[in-house]
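I opened this entry to look up backbone angles, strand pairing and overall dimensions. My notes follow in the order in which I checked things.

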Amino acid sequence: MATPPITIHAPTPSGARPVIVHINNRDERLGLAHSDHDLIVFLADAGLKDPKRILDNPAVVEWQGAAAHRYETA
């Protein structure tokens with residue numbers, strides 16, 4: 001099975017980034033990540049294999065609104 005597209009949205013005022021996975025023709029919110037560790041846990045719980053390895057793969061993960069791996073607001 002191919003890895004579904006994942007969007008890491010811009011940080012909220014609290015610094016959390018909403019994490020969305022697009023699967024079965026719909027968007028599913030996985031949660032609010034405050035760190036890469038949170039993000040990896042969400043993706044692993046969603047069934048993705050080796051989620052740490054895909055975080056920097058632009059073919060799979062799109063970081064929006066702030067630099068990748070940054071969780072504070074500008």
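I looked up H69 and its cover: H69 has a relative accessible area of 29%. Since buried means under 20% and exposed means over 50%, H69 counts as partly exposed. The model is predicted, and I read each value below as computed from it.

I then placed H69 in the chain, in the segment after strand 4, which spans 61-63. I also noted its backbone: phi of H69 is near 70 degrees, a positive value in a residue other than glycine. I wrote down the background for that entry: most residues other than glycine have a negative phi.

Next I turned to N25. Is N25 buried or exposed? I found a relative accessibility of 77% for N25, so N25 counts as exposed. N25 is not a glycine either, yet has a positive phi of about 60 degrees. I located N25 in the loop between strand 2 (17-23) and strand 3 (26-33).

I stayed with that loop. Strand 2 and strand 3 form a hairpin, with two residues between them. N24 is in the turn, and I noted for N24 a positive phi of about 55 degrees.

How many bridges join strand 2 to strand 3? I recorded seven, and the two strands run antiparallel.

I then stepped back to the whole chain. I listed two helices and four strands. Along the sequence I read the pattern as β-β-β-α-α-β. The radius of gyration is 11 Å, close to the 11 Å that the globule rule gives for 74 residues, so the chain is as compact as a globular protein of that length. For the extents along the principal axes, I noted that the C-alpha atoms fill a box of roughly 35 × 25 × 20 Å.

I checked burial and contacts over the chain. Of the 74 residues, 34% count as buried. Taking contacts between residues at least 6 apart in sequence, I found that 40% join residues at least 24 apart.

I closed with surface and charge. The chain exposes about 4700 Å², and carbon and sulfur atoms supply 52% of that area. I noted 7 positive and 9 negative side chains. The centres of these two sets lie 2 Å apart.

Definitions and conventions:
Residues numbered from 1 in each chain as written. Predicted model: local features only at pLDDT ≥ 70, side-chain atom pairs only at ≥ 80, totals over all residues. Heavy atoms only, no water. Rg over C-alpha atoms; globule rule 2.2 N^0.38 Å. Buried < 20%, exposed > 50% of the residue type's maximum accessible area, 1.4 Å probe, protein only. Contact = heavy atoms within 4.5 Å. Areas by Shrake-Rupley, 256 points an atom, 1.4 Å probe, with all protein chains shown as cover. Lys, Arg positive; Asp, Glu negative; His and termini not counted. Charge placed at Lys NZ, Arg CZ, Asp CG, Glu CD. Pairing = 2+ DSSP bridges.
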